[in-house]
Amino acid sequence: MKIPITRSEAIELLKSQNPETFDFIHYLMSEAVMKEVAKKLGEDVESYGMLGLLHDIDWSITKTNLSTHLSKAPGILKEKGFDEEFIKTIVSHGYGFEEIPSLNEKKRATKAEHILAACETLTGLIYAYALMRGKKILGMEIKGLKKKFKDKAFAAGCRRDIILEIEEAGLTLDELFEAAIEGIKNIKHDIGLE
Ligand SMILES: [Fe+2]
């Protein structure tokens, strides 16, 4: 996986689509969690970070018509010089979603695909939990996060089955939670948390 643009160019690309603050926070959180998981697994931190940062690259322009989400991503990424592997990994985080009929039947297969889907999904749960804790990530523990994971009524839209795909990549749920909390602590001030 070759990364043809810098992080600041990727940020510019995202900003050129006028993302809502909430969405931009999600991109930054996904990046932070991916980087921390990459460190833990000895994977390439830069490319995993970029996968997290850009995974929803066409979200701002497709969110009003959910069935088209990720249909514009390949073109945008190809134009910037990203390779097939990177693009396929990005698109795979939409597999198994009824709302996107063209991707619904597909199954994630590679380590990077499982990791991206698990990490970006987990950010939703952690953000909701942090808000509940008075916008605090500091002091968040694996145990507390696990409770929220098990409580299906909490952040109900956050798909636990996808978070569990982390096990396909050789990481336990606890290890993922630890890395995710750590990663998000590193960027807390960029996303309005303490
Ligand atoms: Fe996402």
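Just after H8, Gly134 adopts a positive phi of about 75 degrees. The structure described here is a predicted model, in which local features need pLDDT of at least 70, side-chain atom pairs count only at pLDDT 80 or more, and totals for chains, interfaces and linings use all residues. Residues are numbered from 1 along each chain as its sequence is written. Helices are DSSP runs (H or I, at least four residues), numbered from the N terminus.

Helix H8 itself, residues 111–132, contains 22 residues. From its first C-alpha to its last it reaches 32 Å, close to the 32 Å expected at 1.5 Å a residue, the expected span being 1.5 Å times one less than the number of residues. H8 is mostly covered, with 17 of its 22 residues buried. Here a residue is buried if 20 or more other C-beta atoms lie within 10 Å of its own, exposed if 12 or fewer, and partly exposed in between, with C-beta atoms placed from the backbone.

H8 packs on H11 at an angle of about 70 degrees, and the two axes are 11 Å apart. H8 is therefore roughly perpendicular to H11. Axes are lines fitted to C-alpha atoms, for helices over the stretch in contact, and angles run from 0 to 180 degrees between N-to-C directions; those of 65 to 115 degrees count as roughly perpendicular, under 35 as roughly parallel, over 145 as roughly antiparallel and the rest as oblique. The crossing of H8 and H11 is right-handed, a term for a near helix turned clockwise from the far one by less than a right angle, anticlockwise being left-handed. Ala118, Cys119, Leu122 and Ile126 of H8 make the contact with Leu176, Ala180 and Ile184 of H11, contact meaning C-beta atoms, placed from the backbone, within 7 Å. The residues of this contact comprise seven nonpolar, no polar and no charged. In this division Ala, Val, Leu, Ile, Met, Phe, Trp, Tyr, Cys and Pro count as nonpolar, Asp, Glu, Lys and Arg as charged, and the others, Gly among them, as polar.

Helix H2 (residues 21–41) also meets H11 (residues 173–186): their axes come within 8 Å and cross at roughly 125 degrees. H2 is therefore oblique to H11. The crossing of H2 and H11 is right-handed. On the H2 side the contact includes Met29, Val33 and Val37, and on the H11 side Leu176, Ala180 and Ile184 are among the residues met. The residues of the contact of H2 with H11 divide into eight nonpolar, two polar and five charged. Asp174 also lies in H11, and this residue is exposed because 12 other C-beta atoms lie within 10 Å.

Some loop residues complete the picture. Phe82 sits in the loop between helix H5 (73–79) and helix H6 (84–92) and is buried, with 24 other C-beta atoms within 10 Å. Its contacts, not counting residues up to four places away in sequence, are Pro4, Leu77 and Ile87. The C-alpha atoms of Phe82 and Ile3 are separated by 6.5 Å, though the residues are 79 apart along the chain.

Most residues other than glycine have a negative phi. Leu70, in the loop between helix H4 (59–62) and H5, has a positive phi near 80 degrees and counts as buried, with 23 C-beta neighbours inside 10 Å. Ala155 has a positive phi of about 40 degrees and is found in the loop between helix H9 (142–150) and helix H10 (160–163). With 18 C-beta neighbours inside 10 Å, Ala155 counts as partly exposed.

How values were computed:
Helix = DSSP H or I, 4+ residues; strand = E, 2+ residues; numbered from the N terminus. Contact = placed C-beta atoms within 7 Å.
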